[in-house]
Amino acid sequence: MQENNPTTTLSSVILLILKELMTLNLIQLTKDKNLVLAENGWCLFDLLPKELIKVTYTAKWEEDFEDIRRGEKSYDEFINSLKSTMNKTIDYLIANKNTS
């Protein structure tokens, strides 16, 4: 992998995320090669804070990916932002575990 190629880095990030989601049985690949939520994915979807499941959230990721591709944002900045969001989400899930 070329370290300085933002497209290669972005592809690596996406593949890493997809592989992890599949490992956790959150998504699965259908016979016609579509990605869909698996049973665990639907359970998690129902528990997530509503702002994380809005289209605007995934649009923000698309902006971030484009910024990485153009070299305007680093891979580390994206990952740190993602880690922060995930930590807040975990805190939310823990705080609300008895309400679902």
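A: On a 1 Å grid over the protein atoms alone, a pocket is an open set of points where a 1.4 Å probe fits, with protein on both sides within 12 Å along at least five of seven lines, and lining residues have an atom within 4 Å of a point. Grid points are joined across faces, edges and corners, and a volume is the space filled by probe spheres set on the points. This is a predicted model, in which local features need pLDDT of at least 70 and side-chain atom pairs pLDDT 80 or more, while totals for chains, interfaces and linings use all residues. Residues are numbered from 1 along each chain, and side-chain values use heavy atoms, without hydrogens and water.

The largest pocket holds about 1100 Å³ of space. Its lining has 31 residues, and I17, L21, L48, W61 and M86 are the closest to the centre. At least two lining residues come from each of α1 (6-23), β2 (35-37), α2 (39-47), α3 (55-70) and α4 (75-95); helices (H or I, at least four residues) and strands (E, at least two) are DSSP runs, numbered from the N terminus. The largest contribution to the lining, seven residues, is from α4.

Helix α4 also holds T89. T89 is buried (under 20% relative accessible area), at 7%. A polar atom of the T89 side chain lies 2.8 Å from the backbone oxygen of T85. Beyond its neighbours within four places in sequence, T89 is in contact with L48, P49 and L52, contact being heavy atoms within 4.5 Å.

How values were computed. Buried < 20%, exposed > 50% of the residue type's maximum accessible area, 1.4 Å probe, protein only. Polar contact = N/O pair within 3.5 Å; in protein donor to acceptor, adjacent residues only side chain to side chain.
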